[in-house]
Amino acid sequence: MTADASARALDAVARTRAGAELAAAEIELLVADFVAGRVPDYQMSAWLATVACRGLSRAETVALTRAYVTGGETLDFAASGRVVLDKHSTGGVGDTVSLVVVPLVAACGVAVAKMSGRGLGLTGGTIDKMESVRGLRLELDTDEVYRMVDQVGMVITGQSASLTPGDKATYALRDVTGTVDSLPLIAASIVSKKIAVGAHGVLFDVKTGAGALIPDQDRALELAHLMVGVATGAGLRCRAVLTDMSQPLGYAVGNALEVHEALDALRGREIPGLTGLCRTIAALMLRSADPGLSAAEAERKVDDALAAGAGYEQFLRWAVAQGAEPGVLEEPGGLPTADNQVRVVADREGYVSEVDPRAIGTAAMNVGAGRLVKGGPLDHSAGVVLRRRVGDRVSAGEPLAVIHHRDGVEPPVDLVRGAFRVSESAPAEPPVVLKII
Ligand code: URA
Ligand code: CA
């Protein structure tokens with residue numbers, strides 16, 4: 001801690017509180033001072049809390065984004081000679097999209113580099129899901145990342161800790177000071193990681209509804225526009241989709257269960273909610289890579305790849321190249337399976353009018369599919385598989401969902417049953433893609 005840096009931090013707090021705009025260089029210095037330990041946690045917390053209340057201008061948000069990247073490792077795919085894309089979701093219950101879209105887009109000839117995190121709370125992380133696959137290595141070094149993109153056209157790996165030091169240090173504070181929920185702070189945090197990954201473009205999947213980081217649709221839309229604006233300003237080709245998270249996505253919620261669901265989707269099985277969203281996202285990514293492609297051409301490419309199982313073949317090729325045992329994904333029992341499967345049945349006849357994603361996410365977490373604390377253990381085989389989604393008919397005694405759990409774990413039957421509302425009349429089915437930006 002130094003007196004100069006402290007004085008500057010206090011000045012930043014006072015001016016942000018007063019509604020003044022900080023210069024880019026001031027924001028860069030504040031973050032650099034904090035990362036270097038010259039500004040203490042409590043002063044940085046005060047500035048973050050002030051930002052959470054007062055907001056930041058677009059220019060300040062851009063400066064904060066760049067400040068997070070400064071001093072960290074950044075990747076550069078220029079040498080690969082091809083367009084490389086990334087995809088990011090703000091997190092949803094049973095969000096199996098990356099597992100489908102990354103191989104699907106790669107099968108259509110566009111390279112994808114996906115650096116993912118682990119899950120915490122109700123929403124799972126892609127790395128946790130992929131860890132269900134025996135042998136698969138998910139902590140690659142930079143050379144391996146480049147090699148996978150060159151040789152296999154895709155990579156999915158955990159994020160290097162040295163990517164965005166400013167975000168890493170700041171996020172740890174936000175997490176414990178109630179300042180995660182601020183649009184400019186979220187946008188800077190997410191976009192900085194996308195810049196550091198070095199892909200040429202990124203597709204943002206911004207979730208909204210009860211199970212999302214930002215439940216309110218207008219605010220989620222604002223975040224989508226902000227991220228696209230900041231990332232486009234940094235030279236990335238960007239598109240965003242605003243998607244519904246008022247019920248879990250697809251049927252499966254849980255790590256190996258979602259890998260299984262992704263493989264089914266890639267083999268051409270139509271999974272309500274999931275397949276349609278993956279087609280939309282994949283087509284948008286193809287058009288980011290090749291702006292000359294029409295929407296109809298992009299959609300046809302994606303549909304052809306699905307019909308031919310090309311994304312499935314790509315998934316297998318990628319998994320083996322990244323260390324999975326050959327054949328493990330094709331043999332029955334190759335993925336971990338739970339000791340027990342408990343059906344949760346409807347007690348009345350009607351139409352499913354609601355499936356609360358938070359209750360299903362909590363149930364999955366309670367049987368071990370998610371972690372309550374950072375670094376906590378996971379049971380890859382555990383989770384919940386819906387048998388009915390919003391709009392489906394059900395008779396008394398028919399299954400609403402199946403809980404997968406290991407011996408010794410109490411299945412949260414009441415919690416899962418309580419997530420479903422069954423009504424007499426058919427509800428309007430919510431569209432999954434609410435907006436394309
Ligand atoms: N995810 C991130 O990476 N950062 C945020 O601020 C919120 C969600
Ligand atoms: Ca799912």
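How many helices and strands does the secondary structure of the protein come to? It comes to 16 helices and 13 strands, where helices (H or I, at least four residues) and strands (E, at least two) are DSSP runs numbered from the N terminus.

## Basis of the report

This is a predicted model, in which local features need pLDDT of at least 70 and side-chain atom pairs count only at pLDDT 80 or more, while totals for chains, interfaces and linings use all residues. Residues are numbered from 1 along each chain as its sequence is written, chains are lettered from A and ligands numbered from 1 in the order in which they are written, and side-chain values use heavy atoms, with hydrogens and water left out.

## Overall dimensions and surface

The protein has a radius of gyration of 22 Å, which agrees with the value near 22 Å for a compact globule of 437 residues. This radius is taken over C-alpha atoms, and the globule rule is 2.2 Å times the number of residues to the power 0.38. Along the principal axes, the C-alpha trace spans about 70 × 45 × 40 Å.

Buried residues make up 56% of the 437 residues; buried means under 20% relative accessible area, exposed over 50%, and partly exposed in between (1.4 Å probe, protein chains only). The accessible surface comes to about 17,300 Å², and 50% of this surface belongs to carbon and sulfur atoms. These areas come from the Shrake-Rupley method with a 1.4 Å probe, and for residues only the protein chains shown count as cover.

## Contacts and charges

Of the contacts with a separation of 6 or more, 79% are accounted for by residues 24 or more positions apart. A contact means heavy atoms within 4.5 Å.

The side chains include 43 positive and 53 negative ones, and the centres of the two sets lie 2 Å apart. Lys and Arg count as positive and Asp and Glu as negative, whereas His and the chain ends are not counted; the place of a charge is taken as NZ of Lys, CZ of Arg, CG of Asp or CD of Glu.

Helix 4 (residues 58–69) has 12 residues, which should span 16 Å at 1.5 Å a residue; the end C-alpha atoms are 17 Å apart, which agrees. The expected span is 1.5 Å times one less than the number of residues. The buried residues of helix 4 are E60, T61, A63, L64, T65, A67, Y68 and V69. They pack against helix 2 (24–35), helix 3 (41–54), helix 8 (165–177), helix 9 (183–197) and helix 10 (217–233).

Helix 8 has 13 residues and reaches 19 Å from its first C-alpha to its last, close to the 18 Å expected. Its buried residues are G166, D167, T170, L173 and R174, and their cover includes helix 2, helix 3, helix 4 and helix 9.

## Individual buried residues

H88 is found in strand 1 (residues 84–89) and counts as buried at 16% relative accessibility. Residues up to four places away in sequence aside, H88 touches K114, I190, K194, V202, L203, F204 and D205.

V105 belongs to helix 5 (residues 97–107), and its relative accessibility of 0% makes it buried. Beyond its neighbours within four places in sequence, V105 is in contact with V110, V112, A282, M285 and L286. The C-alpha atoms of V105 and A283 are separated by 8.1 Å, although the two residues are 178 residues apart along the chain.

G368 lies in the loop between helix 15 (357–366) and strand 9 (383–386). With a relative accessible area of 15%, G368 is buried. Neighbours within four places in sequence aside, its contacts are L378, D379 and A382. From G368 to D407, the distance is 12 Å, C-alpha to C-alpha, across 39 residues of sequence.

L10 and A419 are 409 residues apart in sequence, and their C-alpha atoms are 47 Å apart in space.
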